[in-house]
Amino acid sequence: MATNFLVHEKIWFDKFKYDDAERRFYEQMNGPVAGASCQLKAMLPSPPEASGQVAPGTSSGPGTSSGPGGDHSELLVRIAGLEAENQSLKGVVRDLQQAVSKLEARLSVLEKSAPTHRATAPQTQHVSPMRQVEPPSKKVAPADEDDDDDIDLFGSDEEEDKEALKLREERLRQYAEKKAKKPALVAKSSLLLDVKPWDDETNMAQLEACVRSIQLDGLAWGGSKLVPVGYGIRKLQIQCVVEDDKVGTDLLEEEITKFEEHVQSVDIAAFNKI
């Protein structure tokens, strides 16, 4: 009957071999754990085999015993993780204690300085109304008395006003005379004219003489030169200065184009205000 029961029961008979292999693997990774295993054995409860209790339906033979190496290695890994977490928590607690101590120091400084402000504030509130109410009423009467004493009964202010008025009129007259003597600013412009002939057979010397023969009030001729245009034709570039109010560009072009035998057209090459 017992053998039939064991056939149907699922038992891992080779578990101790795998536990031993796992223990040896972790010993190679982390070093010997003899001391730690002894401590864990003291902390852990004794197995049923040690207390004389055997699980029902199993035998106490060597095939049913399992090695505790795998459980010990797992516990060691967990303990190492807990120790690392404990160290980090200690660091956090230490930082919090330092922050609390700093806050307490600042609070104590503020509590020491607060009574001084509270003591001075009521003094300003009580003193300022007293200074604003009483002194003005005492100073009003002397001010009225000083005004009565300053009254001039002989009309000295009127004499001073007349003298100031005369002085002002004299200065205005002098300024008007000075302004009348100052010459007015005349607006002038500098022109550069391009006078083009009909062909290459035009006498450019006669053309320039015709242009310079124009004499107008506010017109002054300057330098000139001949500039080649192409195909043997040259144009006359001549400079002049005109007063804007007296001589206009249209009038000047009209006077130059009257010489139809020599002049084909007139263009303004440059125009600058002086």
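The structure is a predicted model, in which local features need pLDDT of at least 70, side-chain atom pairs count only at pLDDT 80 or more, and totals for chains, interfaces and linings use all residues. Residues are numbered from 1 along each chain as its sequence is written, and side-chain values use heavy atoms, with hydrogens and water left out. The protein chain has seven helices and four strands. Helices (H or I, at least four residues) and strands (E, at least two) are DSSP runs, numbered from the N terminus.

**Overall layout**

- Along the sequence, the elements of the protein chain come in the pattern α-α-α-α-α-β-α-β-β-α-β.
- The protein chain has 274 residues, and 15% of them count as buried. Buried means under 20% relative accessible area, exposed means over 50%, and partly exposed lies in between (1.4 Å probe, protein chains only).
- Among contacts in the protein chain with a separation of 6 or more, 73% join residues 24 or more positions apart. A contact means heavy atoms within 4.5 Å.

**The sheet**

- Four strands form an open sheet in the order β2-β3-β1-β4, with antiparallel pairing. Its edge strands are β2 (219–230) and β4, each of which pairs on one side only. From one strand to the next, the twist averages 20°.
- Two strands count as paired if DSSP finds at least two bridges between them.
- Which strands pair with β1? Strand β3 (residues 233–243) pairs with β1 in the antiparallel sense over eight bridges, and strand β4 (residues 263–273) pairs with β1 in the antiparallel sense over nine bridges.
- On the β3 side, L192 stands opposite Q239, and the bridge partner of S190 is V241. On the β4 side, P197 stands opposite V263.
- Strand β1 (residues 188–197) is largely enclosed by the rest of the structure, because seven of its 10 residues are buried.
- In a regular strand the side chains alternate between the two faces of the sheet.

**Helices across the sheet**

- Helix α6 (residues 204–212) lies across β1, β2, β3 and β4, and runs at about 15° to β3.
- Helix α7 (residues 249–256) also lies across β1, β2, β3 and β4, and runs at about 150° to β4.
- For these angles, axes are lines fitted to C-alpha atoms, for helices over the stretch in contact, and angles run from 0 to 180 degrees between N-to-C directions.
- From A205 to L226 the C-alpha to C-alpha distance is 9.9 Å, and the two are 21 residues apart in sequence.

**Cysteines**

- The whole structure was searched for disulfides, and zero were found. A disulfide is a pair of cysteine sulfur atoms within 2.5 Å.
- C210 counts as buried because its relative accessibility is 18%.
- C240 has a relative accessible area of 1%, so C240 is buried.

**Aromatic rings**

- How many aromatic pairs does a search of the whole structure find? The search finds one.
- The pair is F25 and Y26, which is edge-to-face, at 5.5 Å centre to centre and 75° between the planes.
- Rings of Phe, Tyr and Trp (its six-membered ring) pair if their centres lie within 6.5 Å; planes under 30 degrees apart count as stacked, over 60 as edge-to-face and the rest as tilted.
- F25 counts as partly exposed at 45% relative accessibility, and Y26 counts as partly exposed at 29%.

**A residue with positive phi**

- Y231 sits in the loop between β2 and β3. Its phi is positive, about 60°, although Y231 is not a glycine.
- Most residues other than glycine have a negative phi, and most peptide bonds are trans.
- Y231 is exposed, because its relative accessible area is 83%.

**Confidence**

- The average pLDDT of the protein chain is 75, and 65% of the residues score at least 70. The pLDDT is the predictor's confidence in each residue, from 0 to 100.
- Residues 119–133 stay under 50 in pLDDT, and the model gives them three contacts beyond four places in sequence.
- Residues 135–143 have a pLDDT below 50, and this stretch has two contacts in the model beyond near neighbours in sequence.
- Where pLDDT is low, the predicted coordinates should not be read in detail.
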